[in-house]
Amino acid sequence: MPDIFETKALAYEDAKRTVAEFEGTTIADDFKILAAERLIKTDPVAALYDALDAADLASHEPGPGFLDQLETFCKLATKVTIADDGEQSSRLVRFLVTIASDLYHTARVARPETGINPDRYRKPLERLANEIWGSELLFAHRLQDAKEFKIAFTADCQSPDGSWPILYTHSPEGGIDTASPLINPRQTRTEAQRIANAANRCLKLTPLHVEAITAGETQNSEAA
């Protein structure tokens, strides 16, 4: 069964590409705003989920990246129109907008000296991932349980047929292999990377862990 992102995946990838092309350029802000609005209109769940996902990944690195990504997430949330139609997508958008409002108040108004508790943004991501990819994440756990070394998921290689498989490390020395027919390839890299990130998150892996594991620097399941 297709997940909630698949029907709009190609249009979303095109909109995302336009946003990326405008970043860091001198093009007028009006065009950048229009590109961001197009992204949100194409798939608001994907736009908000990806922004929060990016913030969580950035939270593991030093520097201002986390707060910058969090601000992007909160700004996107203010531009979303929530339909009152009872659909899953509308419910998920409402949930993400609520998270954004809460995080914005914490980061910009309350300004906690000790920072923001990671559970405030990581737990919502885990909750959404479990709802959207429950079977895939269950398989990720089972795959890890069957190995004597740490595995990590990536989405860096496109198949000859144009699809993007979710890959995983197949030996303690690193290297990658297709995850299994139980995790179907996706139409776009963005889709595949979402699942790879969610699988790594459910296995409690940070981006540095993933990098070390795929490079073969982690030799057993107790490392990382």
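Start with helix α3 (44-58), which gives the lining of the largest pocket its largest share, 7 residues. Helices (H or I, at least four residues) and strands (E, at least two) are DSSP runs, numbered from the N terminus. The model is predicted: local features need pLDDT of at least 70, side-chain atom pairs count only at pLDDT 80 or more, and totals for chains, interfaces and linings use all residues. Residues are numbered from 1 along each chain as its sequence is written, and side-chain values use heavy atoms, with hydrogens and water left out.

**The pocket**

Select Asp50, Ala51, Ala54, Gln69 and Thr72, which lie nearest the centre of the largest pocket among its 43 lining residues. A pocket is found on a 1 Å grid over the protein atoms alone, as an open set of points where a 1.4 Å probe fits, with protein on both sides within 12 Å along at least five of seven lines; lining residues have an atom within 4 Å of a point. The volume is about 1200 Å³, taken as the space filled by probe spheres set on the points, with grid points joined across faces, edges and corners.

Now colour the lining by class: 17 residues are nonpolar, 10 polar and 16 charged. Here Ala, Val, Leu, Ile, Met, Phe, Trp, Tyr, Cys and Pro count as nonpolar, Asp, Glu, Lys and Arg as charged, and the others, Gly among them, as polar. Elements that each supply at least two lining residues include α1 (9-22), α4 (65-78), β1 (153-154) and α8 (189-202).

**α3 against α4**

Show α3 with α4. Their axes are 8 Å apart and the packing angle is about 165°; axes are lines fitted to C-alpha atoms, for helices over the stretch in contact, and angles run from 0 to 180 degrees between N-to-C directions. α3 and α4 are therefore roughly antiparallel to each other. Angles under 35 degrees count as roughly parallel, over 145 as roughly antiparallel, 65 to 115 as roughly perpendicular and the rest as oblique.

On the α3 side, select Ala47, Leu48, Ala51, Leu52, Ala54, Ala55 and Ala58; they meet Gly65, Phe66, Gln69, Leu70, Phe73, Leu76 and Ala77 in α4. Contact means heavy atoms within 4.5 Å. The residues of this contact of α3 with α4 divide into 12 nonpolar, 2 polar and no charged.

**α3 against α8**

Ala46, Tyr49, Asp50, Asp53, Asp56 and Leu57 of α3 make the contact with Thr190, Arg194, Asn197, Ala198 and Arg201 of α8. By class, the contact of α3 with α8 has 4 nonpolar, 2 polar and 5 charged residues.

**α1 against α2**

Move to α1 and α2, which pack at about 160° with axes 9 Å apart. α1 and α2 are therefore roughly antiparallel to each other. Residues in the contact include Tyr12, Val19 and Phe22 of α1 and Phe31, Ala35 and Leu39 of α2. The contact of α1 with α2 divides into 9 nonpolar, 2 polar and 4 charged residues.

**Pro44**

Finish back in α3, at Pro44. Leaving aside neighbours within four places in sequence, Pro44 is in contact with Val80 and Val93.
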